[in-house]
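The following paragraphs lead through one structure, beginning with a whole chain and ending with single residues and a contact between chains. Please keep the sequence and the model in view while reading.

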Amino acid sequence: MSNQNTLRDVALAAAALCAAMSVIVPAVAAEKAATKPAGTYVSGDFHNHTTCSDGALSLQRLVDRSVNAYSLDWFVQADHGGSSARNCTLREDPFEPVAPALGLTSNSTGPYGGTVTYPSGGQPASTGKGPNQSWQSTLPNGVADIKGDGTANPKRMWRWQEIKEFQYPVLEAESRKHNKPVWIGLETNNPGHEHTSTTILTGQLPWPKTGAGNANLMAQFEYCFDRSDTDTSRGAENQWDCSVSGSPNNSLIDPVSRKIAKAGNLGGGNTSTDPNLGHIKSVEAVKWMNEKAPNTSFYVPAHLERAGVYNPTANRGFNIEHLRNFNNAAPRIAFGFESMPGHQAQEDRGGYGTGAAGGGTFGGSGAYAGLIGGVWDALLGEGRNWFFFASSDYHNRGSFGADQRETNSDFFPGEYTKDHVMVRKGKGDLTAEGIIDGLRSGNSYVANGDVIDRLSFVVCTANPGLPIKANQALIEKAAANAVANKGEVRIDGCATMGEKLVARPGADLIVAVAVRDPQGKNNSPYSFPNPSLKQIGVTQPLDKPELDHVDLIGGLVTGYVSPADTARYAGPIGSEAASNKSAKILKVFNKTNWTAGNDGVRTMSYRVPAVKASQYMRLRGTNLPAATPFETDAQGNPLSDWEASPVDQTVKGNIACADAACPPHMRTVAGVKYSSFDVAAWSDLWFYSNPVFVEVINGVKVAGVK
Amino acid sequence: MNAPKFLKLAIAGSLISLLAACGSGDDDVASDADAQSSFISAYTSGLDTLGSYAGLVSSKFRDLFDAGYTDSGMTKADVVAALDSEITVSQTSPDFVFPAFPMAKLSKASIGNCDAVTKICTLTGTLSNSDADPTGADASAVTEVNFTTQVRQDADGKVRLLGDQSKS
């Protein structure tokens with residue numbers, strides 16, 4: 001038996017152990033309406049970068065963009081783990097967060113007042129100035145202030161020290177300055193995989209909290225479990241230990257660094273000599289979070305298709321068994337993924353090249369969630385609480401300056417992608433804890449380009465004493481009211497996103513949806529006609545998208561898959577393990593069957609007669625009709641984004657942009673401009689809801705959802 | 001009495017009878033006003049108590065559905081089966097929570113637009129639900145919709161729900 005096989009066996013054993021240790025949320029009905037606290041949906045983002053890692057903007061400036069310029073309600077700043085040389089407490093000099101490109105043309109209209117000058121080119125951080133100065137050159141004692149291993153000149157600071165000693169105080173101050181919850185997370189470089197968005201809130205005191213907080217646990221997590229953190233100092237004076245109480249994998253911990261690491265593999269990743277070690281370490285990371293901060297942490301794999309399918313001897317992508325392992329290890333910590341990546345304006349949308357699992361993005365979403373019947377539907381078909389999220393993953397604007405509105409790389413947080421999450425703490429009581437609770441609950445949805453900005457999605461058992469149409473009208477009205485209030489339906493006998501409805505066999509179900517297609521402009525800088533729609537004779541300004549239709553997607557819940565059932569538990573995209581053949585579009589709603597209000601609210605409903613089997617339902621919607629060439633198929637499914645904009649930028653595209661206002665940075669071949677970059681992203685907008693589960697009494701239990 | 005006069009009296013008598021059957025005060029050809037009132041009262045209270053065991057087993061509530069009731073494919077037999085199923089599940093499943101479906105309150109109900117021959121009338125009213133979050137920022141927002149369906153006065157004089165008679 002090869003060493004690789006031996007360690008693969010260890011990995012499988014670890015996975016099985018994870019399952020055995022799992023704490024599955026008991027199957028209980030959706031909470032009684034009267035006891036469910038009131039709440040509201042708030043928008044935010046939890047994965048973006050600054051000069052603390054490889055981002056172009058300072059912490060202060062990115063926070064300002066997020067919660068001020070683009071009005072997000074909350075923000076988690078999550079840079080990469082590892083180390084960096086730049087002193088990221090420094091901001092651009094002068095700090096001018098608002099530029100003419102954002103619509104503020106004089107110093108009297110900016111939020112900061114005073115006599116400031118807005119240069120037309122903005123204020124990108126210049127080499128050797130502002131946040132591009134090194135830690136070593138700016139700290140009082142120079143290199144002596146930089147802890148842990150390292151001999152580079154200038155010496156790089158480990159992220160754990162940055163987070164603990166420098167980054168946290170800046171963010172705490174920024175949070176209170178803006179009166180919004182802003183706190184630290186980490187896009188960890190996964191051992192065994194690519195990246196995961198994480199946070200540990202414990203210790204942090206973002207607004208509205210007061211007093212001096214700390215991000216010590218977040219810092220320790222980075223030291224212990226980030227593959228790029230090869231420091232062996234145990235956090236210098238902290239003398240951290242990375243063991244998990246009672247874990248058999250503590251035997252893998254290196255005696256010096258006190259984390260899972262080996263000589264020549266200090267990050268503890270997958271290598272040819274240590275196959276699967278990285279994945280084991282990542283599962284330990286989830287377990288560690290669950291032990292240290294079970295209620296204030298999350299672990300959400302990011303752009304998880306991008307690095308390809310899993311490779312036991314390298315640090316690549318995630319297969320479905322890895323998501324199952326994480327969720328089994330700590331369902332309250334690992335409860336979803338970012339299958340819709342950031343970098344939406346890049347030439348290969350999301351940064352997904354030909355090596356990505358599933359081969360690129362589909363309407364901006366990776367294949368795991370973008371293709372019906374795939375990985376996400378397989379997880380939901382188990383009844384797992386595994387939810388859909390997205391992030392902007394802002395690093396820079398590509399060839400454009402930070403203050404320019406065009407981009408051929410990334411959108412700012414809140415500019416294009418938003419996570420809308422239910423916070424049940426009540427109006428005026430928006431807290432970071434409530435946001436994490438909301439993310440964990442699955443009561444959330446994602447929308448790009450503000451194709452919708454409000455959603456109510458509810459499934460109810462029909463009242464047998466009422467005619468069906470009266471049932472539908474009543475629940476539709478409840479959904480419309482919820483959208484008007486930016487809230488949710490709280491009616492006994494109903495369940496919303498992330499919840500499950502317990503229904504008797506044979507009951508009729510009423511699915512009601514209300515969305516708001518916001519009136520006016522979104523954040524797109526372009527008002528010329530959407531080139532994708534222009535193909536089919538529709539003239540619609542890019543900055544005024546209109547929701548075309550909403551798909552109700554459903555699939556059966558057949559129960560948790562045991563790790564021992566390897567054929568159904570583990571496998572790459574397209575395998576039996578990663579498929580749910582029952583998933584399909586149940587209903588298409590559009591202007592022919594929804595009720596349109598003048599305020600952009602559309603209400604619609606669907607009847608499921610005589611429900612027999614446990615199942616789930618989820619929504620997606622878009623501004624593009626079915627059969628839009630190079631964008632959607634005849635059923636309305638998103639096509640590969642390479643259809644519209646081939647990954648090879650030297651070849652012509654498929655959707656011409658003939659309007660005189662089409663910007664010059666678009667793909668241009670033989671003098672013809674083609675939809676690409678940010679124009680392609682603004683043209684092709686989607687939203688995704690999280691699921692509502694239905695558990696039929698005496699049927700399959702929906703175990704993972706409260 | 002000659003024939004034409006007899007005919008006039010007969011016609012007049014019929015009109016009087018018809019007017020009496022219709023009640024007074026509007027253009028509708030009403031059925032028995034008391035029967036209508038009784039139905040509205042019984043249906044309103046029946047809906048109010050449908051979230052309880054007593055409401056589900058109530059024979060009085062079941063009797064409010066006409067033998068010919070059909071609505072979106074649901075027949076009276078389907079309604080009765082649904083009520084029975086709710087009872088069974090409530091007694092056997094620990095997961096069952098009363099009420100298992102959204103409750104609805106009927107108000108402002110009236111019956112009109114009656115057909116003298118078929119004795120089919122239109123029930124209109126307002127349905128509302130005690131949504132736990134009915135107000136939010138807008139105090140006027142309540143879960144309330146207008147409600148219309150057909151009722152029929154049967155041979156026993158009682159008014160019952162007839163539904164929209166649609167098969168699906």
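Chain A has 706 residues, of which 64% count as buried. The model is a predicted one. In chain A there are 15 helices and 26 strands. Taking the contacts in chain A between residues at least 6 apart in sequence, 74% join residues at least 24 apart.

Helix α2 of chain A covers residues 59-69. Because 10 of its 11 residues are buried, this helix is largely enclosed by the rest of the structure. The buried residues of α2(A) are Leu59(A), Gln60(A), Arg61(A), Leu62(A), Val63(A), Asp64(A), Arg65(A), Ser66(A), Val67(A) and Ala69(A). What covers them? The cover over the buried residues of α2(A) includes β1 (40-45), β2 (74-80), α4 (159-178) and β5 (182-189) of chain A. Just after α2(A) comes Ser71(A), which takes a positive phi of about 60°.

The next stop is a pair of helices. Two packed helices are described by the angle between their axes and the distance between the axes. For helix α6 (residues 277-292) and helix α7 (residues 320-329) of chain A, the axes come within 9 Å and cross at roughly 30°. Angles under 35 degrees count as roughly parallel, so α6(A) is roughly parallel to α7(A). The crossing in which α6(A) passes α7(A) is right-handed. On the α6(A) side, His279(A), Val283(A), Val286(A) and Lys287(A) take part, and they meet His322(A), Asn325(A), Phe326(A) and Ala329(A) in α7(A). Sorted by class, this contact has 4 nonpolar, 3 polar and 1 charged residues.

Past α7 of chain A, the loop between α7 and β8 (336-340) holds Arg332(A). Is Arg332(A) buried or partly exposed? A residue needs 20 or more other C-beta atoms within 10 Å to be buried; Arg332(A) has 19 and is therefore partly exposed. Leaving out residues up to four places away in sequence, Arg332(A) touches Asn290(A), Pro294(A) and Arg440(A). Tyr299(A) is 33 residues from Arg332(A) along the chain, and the C-alpha atoms of the two are separated by 9.2 Å.

Another loop residue is Ser640(A), found between β22 (615-622) and α14 (641-644) of chain A. Ser640(A) counts as buried because it has 22 C-beta neighbours inside 10 Å. With residues up to four places away in sequence not counted, Ser640(A) touches Gly359(A), Gly360(A) and Phe362(A). Phe225(A) lies 415 residues from Ser640(A) along the chain, and their C-alpha atoms are separated by 34 Å.

The last stop is the contact between the two chains. How many residues of chain B are in contact with chain A? There are 38 of them, and they are in contact with 36 residues of chain A. On the side of chain B that touches chain A, α2 (33-48), α5 (76-92), β4 (120-129) and β5 (143-153) of chain B each supply at least two residues. Of the elements of chain B, α5(B) gives the most to this side, with 6 residues. By class, the side of chain B that touches chain A has 21 nonpolar, 9 polar and 8 charged residues.

Note on methods:
Residues are numbered from 1 along each chain as its sequence is written. Chains are lettered from A and ligands numbered from 1 in the order in which they are written. This is a predicted model: local features need pLDDT of at least 70, side-chain atom pairs count only at pLDDT 80 or more; totals for chains, interfaces and linings use all residues. Helices (H or I, at least four residues) and strands (E, at least two) are DSSP runs, numbered from the N terminus. A residue is buried if 20 or more other C-beta atoms lie within 10 Å of its own, exposed if 12 or fewer, and partly exposed in between; C-beta atoms are placed from the backbone. Two residues are in contact if their C-beta atoms, placed from the backbone, lie within 7 Å. Axes are lines fitted to C-alpha atoms, for helices over the stretch in contact, and angles run from 0 to 180 degrees between N-to-C directions. Angles under 35 degrees count as roughly parallel, over 145 as roughly antiparallel, 65 to 115 as roughly perpendicular and the rest as oblique. A crossing is left-handed if the near helix is turned anticlockwise from the far one by less than a right angle, and right-handed if clockwise. Ala, Val, Leu, Ile, Met, Phe, Trp, Tyr, Cys and Pro count as nonpolar, Asp, Glu, Lys and Arg as charged, and the others, Gly among them, as polar.
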